[in-house]
Amino acid sequence: MSAAKGKTASKARPPKRGTPDFQLLILTLLFVGFGLLMVFSSSSSLTLASEKYSNNAFFFVKKQLVWAVLGSFIMFVVMNIHYSKFKKWYAPIFVITLVLLLFVATTEGINGAKSWMSIGTLGIQPTELAKLSIILYLAALITKKGERLRDLRTGYIPVMIIVGIVAGLIMLQPDLGSCMILVATSGLIIYAGGASMKHIMGSIGLLILGVALVWGAKTAIDSLSPHTEKAEIKQDYRQGRIEAFLDPAKDASGTGYHIMQSLIALGEGGTQGSGFGKSIQKLHYLPYPYTDFIFSVIGEELGFVGTALFLLLYLYFIWRGILISLRCTDPFGTLVGIGIMGLIAIQAFINIGGVTNTIPLTGVTLPFISYGGSSLLVTMLCMGIMLSISRETNRPAKEEVVKSVTTVRQVRNNRSAGTRAR
């Protein structure tokens, strides 16, 4: 009777979702809070001294706080939606992204780039949404194809065409940094999805060849353009980035100026740093210290010790997310999780690598930390999906424990019933 009651009770109870991974949740909120502090520190002196920002020291941090609150709300909502829903929603999200990318390509550029669209007083970057939409699209497509992904004609090429279309639209802006992030993240998902390494290496070779041909063709067109002065500026700008990477001190007041100021900031930080809010390089030396070069301000104000602690927490955060993704029994959840954590890791590497002169400077934000509403909002949406995946990965373990306990009780009950019958 007791065994029968146990079976009836277990059947009556619907399967419960597990709790979200609290380590991942707490680290996310800590990074957002730290980002708000660093945006204030890196921008307050500039905005206080400028009439353009109404002499308001809180100009940027107030805007970032609004995005942080909105992003947190979205993260908690999405965390309670089963991640598998995005397997049904990926197509409309992807179509909306393509429409937005096409729209910004036709708008008037800001600082030479067509990356922004305005909704009222808010500036939106569709490129940020494109990073998430390509993750969802590839995860759904690869899951659907399964082993057919290893077939070049019917599996691999259609996937690469999708990546090429989105990357091409981003390059029309042009936004090389975001294009690199998107292509690298896509490559990681495709590799994790089981694509042939031979096909992946071939794609990398074709990509390098294609970039070289496009770069050469654009340089030739610019040189033949009637607007020779404009063409020369563009060409010098591209060459300057490479020259600054190879030897920033060669032209410290010209092409290498930004990198040199960033390296000076990191060097001035020393072991313990100059202290919160006491950076000198943010005072009209570093360009946009609250966005692209915010890591340089962190290095100067917190020093080696504070920067190392920040990087260790960042690495643990990424490792934790990857571990959750690998524990997911659903291939779609695994690929989405790896894509999201790979996106954050790759973008952080490109930002930090650029300001430390490890790689050529491209100008991308540091996830969670840099000022930027679109970036923060999409990143927190991504974390909502990650936390939803973590809830699902926690559930099987709990159910397995319940099953084990129930089985042990049933065995004991059966044994005791048999002993009594004897």
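This is a predicted model: local features need pLDDT of at least 70, side-chain atom pairs count only at pLDDT 80 or more; totals for chains, interfaces and linings use all residues.
Helix α6 passes helix α7 in a right-handed crossing. Helix α6 covers residues 152-171. Helix α7 covers residues 176-192. Their axes come within 9 Å and cross at roughly 165°. An angle over 145 degrees counts as roughly antiparallel. The two helices, α6 and α7, are therefore roughly antiparallel to each other.

One pair of residues can be followed here. Ala167 sits in helix α6. Its C-alpha atom is separated from that of Met180 by 8.4 Å. Along the chain, Ala167 and Met180 are 13 residues apart. Is Ala167 buried or exposed? Ala167 has a relative accessible area of 9%, so it is buried.

Now turn to helix α11, residues 294-327. Helix α2, residues 22-48, packs with α11 at an angle of about 160°. The axes of α2 and α11 lie 11 Å apart. That angle makes α2 roughly antiparallel to α11. The crossing of α2 past α11 is left-handed. What kinds of residue make up the contact of α2 with α11? The contact of α2 with α11 holds 16 nonpolar residues, 5 polar ones and 2 charged ones.

Helix α10 also packs with α11. Here the angle is about 20° and the axes are 6 Å apart. With that angle, α10 is roughly parallel to α11. The cut-off for roughly parallel is under 35 degrees. The crossing of α10 and α11 is left-handed.

Salt bridges come next. How many salt bridges does the count come to? The count comes to 3 salt bridges.

Take Arg320 and Asp21. They form a salt bridge, and their closest N and O atoms are 2.7 Å apart. This pair links distant parts of the chain. Arg320 belongs to helix α11, while Asp21 lies in the loop between α1 (2-12) and α2. The two residues are 299 residues apart. Buried means under 20% relative accessible area. Arg320 has a relative accessible area of 13%, so it is buried. Asp21, at 7% relative accessibility, counts as buried too.

Lys282 and Glu301 form another of these bridges, with the closest N and O atoms 3.4 Å apart. Where do the two partners lie? Lys282 is in the loop between α10 (257-269) and α11, and Glu301 is in helix α11. The pair therefore ties together parts that are 19 residues apart in sequence. Lys282 and Glu301 are both buried.

Glu128 and Lys131 also form a salt bridge. Their closest N and O atoms are 3.4 Å apart. Both residues are in helix α5, residues 126-145. Because Glu128 and Lys131 are 3 residues apart in that helix, about one helical turn separates them. Glu128 is buried, and Lys131 is buried as well.

The backbone deserves a look too. Most residues other than glycine have a negative phi. Tyr288 has a positive value, near 45°, and is not a glycine. Tyr288 is found in the loop between α10 and α11. Is Tyr288 buried or partly exposed? With a relative accessible area of 48%, Tyr288 is partly exposed.

Asn357 also has a positive phi, about 65°, although it is not a glycine. Asn357 lies in the loop between α12 (331-355) and α13 (373-421). At 17% relative accessibility, Asn357 counts as buried.

Cysteines close the walk. How many disulfides does a search of the whole structure find? The search finds 0 disulfides. A disulfide is a covalent bond between the sulfur atoms of two cysteines. Cys179 has a relative accessible area of 10%, so it is buried. Cys328 is buried as well, with a relative accessible area of 7%.

Conventions: Residues are numbered from 1 along each chain as its sequence is written. Side-chain values use heavy atoms; hydrogens and water are left out. A disulfide is a pair of cysteine sulfur atoms within 2.5 Å. Buried means under 20% relative accessible area, exposed over 50%, partly exposed in between (1.4 Å probe, protein chains only). Axes are lines fitted to C-alpha atoms, for helices over the stretch in contact, and angles run from 0 to 180 degrees between N-to-C directions. Helices (H or I, at least four residues) and strands (E, at least two) are DSSP runs, numbered from the N terminus. Angles under 35 degrees count as roughly parallel, over 145 as roughly antiparallel, 65 to 115 as roughly perpendicular and the rest as oblique. A crossing is left-handed if the near helix is turned anticlockwise from the far one by less than a right angle, and right-handed if clockwise. Ala, Val, Leu, Ile, Met, Phe, Trp, Tyr, Cys and Pro count as nonpolar, Asp, Glu, Lys and Arg as charged, and the others, Gly among them, as polar. A salt bridge is a side-chain nitrogen of Lys or Arg within 4 Å of a carboxyl oxygen of Asp or Glu.
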